[in-house]
Amino acid sequence: MMQTRLLPATSEGIHDAVALLRAGGLVAMPTETVYGLAGDARNDRAVAAIFAAKNRPTFNPLIVHLPDLAAVAQYAVLTPEAARLAAAFWPGPLTMVLPLRDDAALSPLVTAGLTTVAIRVPAHPLAQRLLAEFDGPLAAPSANPSGRVSPTRADHVLAGLSGRIAAVLDGGACAVGVESTILALDGQPALLRPGGVPVEAIEAVLGAALALPNDPATPKAPGQLASHYAPEARVRLNVPVPQPGEIFVGFGPGAADLSLSPDGDLTEAAANLFHLLRAADALAGPGGSIAFAPVPETGLGRAINDRLRRAAAPRP
Ligand code: TXA
Ligand code: MG
């Protein structure tokens, strides 16, 4: 087992993170969505180590993180719709699945052999500084063991991956709190995963409706398994009144053990979601149960409900 270092959000911390990444090591980096487990996307050994550290199936491809649009052109073909979405939402919590360039210098493990590549330009200032100083593509899935709750704080990363990765760059709590929205843009624009950019905002830029995940025309993201974000406790959704002994997570006014947002604010609820899921799990204890109040299915509520449905899904 290796000793996982906690690196501060300073020039020195970034410098140390870059040195570890250049040597093929793995560093968890803060992004505005969740912490990502970063490794050099050109280095087969580093990418293989990402899959091993997370215990992630190797058929599930990784997102490539880049500093800006200029870098994207080295790896992917920017379709006209993608260019418009990039202008509107990058840097930010949007991932686009684009045709992979034949000459893209990426480990084939990153794309799991597909002819497309998922690309994101994150906005978090530490991710930006890390990418600029590293000066290359960083493959980064969420920094949690596969199937578990995504991390939105450095201590969440350590709770799941301590001893399995070289370092965590500590950027405090993630502002958005749910993962990026993923769009397929290698054909008709389709939503693969709701996330930090609301579907309504994307449709406004495209001037057209997106194909949604339950649409038979929408390709499946290989990693979108039904059960995910699994806490130890049982999870029930859309509960108006909890049963005795249940940990009740509220949304909006009313009595609750914990609250996603007392004011019923979806942005606040998204930012709190994964931390509250962990806190509720600890309160519920082994064999316990967590009940969530209803959350509206609009804006960021789609991403919140998607994650809650996966947390509540039957486990394999
Ligand atoms: O906010 C986020 O997106 C975070 C931060 C770290 O950037 N990353 C993240 O990565 O959530 P991950 O690996 O947990 O989820 C990425 C999803 C997976 O479901 C994967 O199957 C899908 O993206 N994906 C990656 N490449 C793809 C491709 N070429 N085609 C379709 N889906 C792809
Ligand atoms: Mg993930």
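Which residues touch the most other members of the largest nonpolar core? They are Val 27, Ala 28 and Val 64.

## Model and numbering

This is a predicted model; local features need pLDDT of at least 70, side-chain atom pairs count only at pLDDT 80 or more, and totals for chains, interfaces and linings use all residues. Residues are numbered from 1 along each chain as its sequence is written, while chains are lettered from A and ligands numbered from 1 in the order in which they are written.

## Nonpolar core

The largest nonpolar core has 102 residues. Such a core is a set of buried Ala, Val, Leu, Ile, Met, Phe, Trp, Tyr and Cys residues joined through C-beta atoms within 7 Å. Buried means 20 or more other C-beta atoms within 10 Å of a residue's own, exposed means 12 or fewer, and partly exposed lies in between; the C-beta atoms are placed from the backbone.

Helix α9 (residues 266-284) gives the most to this core, with ten residues. Both domain 1 (5-206) and domain 2 (234-312) supply at least three residues each. Val 27 is in contact with Ala 17, Leu 20, Leu 21, Ala 38, Ala 166, Ala 167 and Leu 169, leaving aside neighbours within four places in sequence. Contact here means that C-beta atoms, placed from the backbone, lie within 7 Å.

## Domains

The domain assignment gives domain 1 (5-206) and domain 2 (234-312). Such bounds come from an automatic or database assignment. The domain centres, taken over C-alpha atoms, are 27 Å apart.

## The four-stranded sheet

Four strands form an open sheet in the order β11-β14-β12-β13, with parallel pairing. Helices (H or I, at least four residues) and strands (E, at least two) are DSSP runs numbered from the N terminus. Two strands pair if DSSP finds at least two bridges between them. β11 and β13 (258-259) stand at the edges with a single partner strand each, so one side of each has no neighbour in the sheet.

Strand β12 (residues 247-250) and strand β14 (residues 289-292) pair in the parallel sense over three bridges. Phe 248 stands opposite Ala 291 in β14. α9 lies across β12, β13 and β14 and runs at about 160° to β12. For that angle, axes are lines fitted to C-alpha atoms, for helices over the stretch in contact, and angles run from 0 to 180 degrees between N-to-C directions.

## Annotated binding site

An unreviewed UniProt entry places the feature "binding site" at Arg 56, Asn 60, Thr 116, Ser 150, Arg 193 and Tyr 229. They spread over 174 residues of sequence and, in space, up to 25.6 Å between C-alpha atoms. UniProt positions follow the numbering used here, feature names are shortened, and annotations may be inferred rather than shown by experiment.

Arg 193 lies in strand β10 (residues 190-193). Arg 193 counts as partly exposed because it has 19 C-beta neighbours inside 10 Å. Tyr 229 sits in the loop between α8 (199-206) and β11 (234-236). Tyr 229 is buried, with 22 other C-beta atoms within 10 Å.

## Backbone details

Tyr 229 is not a glycine, yet has a positive phi of about 55°. Asp 135 is not a glycine either, with a positive phi of about 60°. Asp 135 lies in the loop between α6 (125-134) and β7 (138-139). The peptide bond from Trp 90 to Pro 91 is cis, with omega near -5°.

Definitions and conventions:
Contact = placed C-beta atoms within 7 Å.
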